[in-house]
Amino acid sequence: MSQEKGMSFKEFRQRFQTEEACEAYLFERRWPDGFICPKCGGTGCYQLRGRREYACKHCRRQSSVTAGTVLHRTHLPLTIWFWAIYLMARDKRGISAAQLSSELEIAYSSAWYLLHRLRKAMGQRDQDYILSGIVELDDAYFGAPKSNGKRGRGTEKTSALAAVSLSEQGHPRFFKIQVSKLDVPAVSAVARRTVPPGSEIHSDALGSFRAALREGYAHHYQVFAKGSGALRWVHTRISNLRAFLQGTYHGLGKKHLQGYFDEFCFRFNRRFWPNLLFPRLVCAVAASNILGYDDLTR
Ligand SMILES: [Zn+2]
């Protein structure tokens, strides 16, 4: 496989036909320098005969290449997971659970569950991305408004904080968006997790932005006239995100909105290497950690 050219459909089919092939590929990505015991950190293992499991040479703890990741205790074959990852990576618009269920001939509930697990891996992979330099910050609202028909602030929609970091030439680099309240503690917590102190943050003059960003940041804010072109990069990303959600994933509930945000960001932050989305997503899956994560209902 040529890394730059990405993987053709034919190559993918030939390469990942069997459980063993998928497992070996995952193994290399999870443990590129050889097996490391998730329990004791020891290296070296025995492969258990006839099973996809390994026993640590030091503590004897049994493990598998999927244990602890978003594939933990999956009942679906790895070949199905790989197909799903391939299809998700191939189309920049994403794939819905209904489409995946029909393409792979699996139950809708399995397709839905699988896609959410993949989004979880994407979100975890980008968790440590730091937005530095100049950062544009804005609030955004998603979901249907309640009966009063208002738009934006003051509605019953789900609120989120969106931020884009800019290169020295003023081009967008990384994008993050987090479902969040917009009060001072929430804005402060998201900012501190995402933007290192000392960075320059541009936003409008929302009171909680001013209070939360007063300390530690060079905060530039002003009341922007509509259509002024201010905060253009973060506004563009938010509109692209809306189009992405409407294209494939319309009618989203608040509970899983963050998963779709994470998928959009994962794609955007790798937009210069679209052909590498498949291997990048497998790496994200191999590095994911699902343990302690149980708020995903089937
Ligand atoms: Zn061990």
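Q: How do you know which strands helix α9 lies across?
A: Helix α9 (residues 254-268) lies across β4 (134-142), β5 and β6, where two residues are in contact if their C-beta atoms, placed from the backbone, lie within 7 Å. Helices (H or I, at least four residues) and strands (E, at least two) are DSSP runs, numbered from the N terminus. This is a predicted model, in which local features need pLDDT of at least 70, side-chain atom pairs count only at pLDDT 80 or more, and totals for chains, interfaces and linings use all residues. Residues are numbered from 1 along each chain as its sequence is written.

Q: What makes β5 and β6 a pair of strands?
A: Two strands pair if DSSP finds at least two bridges between them. Strand β5 (residues 158-166) and strand β6 (residues 172-179) have 6 bridges and pair in the antiparallel sense.

Q: What joins β4 to β5?
A: These strands run antiparallel and are joined by 9 bridges; Y141 has S159 in β5 as a bridge partner.

Q: Why is β5 called largely enclosed?
A: A residue is buried if 20 or more other C-beta atoms lie within 10 Å of its own, exposed if 12 or fewer, and partly exposed in between, with C-beta atoms placed from the backbone. In β5, 8 of the 9 residues are buried, so the strand is largely enclosed by the rest of the structure.

Q: Why are β6 and β8 said to stand at the edges?
A: The open sheet of 5 strands has the order β6-β5-β4-β7-β8, with mixed pairing. β6 and β8 (218-222) each have a single partner strand, so one side of each is left without a neighbour in the sheet. Strand β7 (residues 200-204) runs parallel to β8, joined by 5 bridges.

Q: Why is α3 called oblique to α4?
A: Helix α3 (residues 78-90) and helix α4 (residues 97-104) pack at an angle of about 130°, with their axes 11 Å apart. Angles under 35 degrees count as roughly parallel, over 145 as roughly antiparallel, 65 to 115 as roughly perpendicular and the rest as oblique. The angle therefore makes α3 oblique to α4.

Q: Which residues of α3 and α4 meet?
A: I80, W83, A84 and L87 in α3 meet L100, E103 and L104 in α4.

Technical notes. Axes fitted to C-alpha atoms, helices over the stretch in contact; angles between N-to-C directions.
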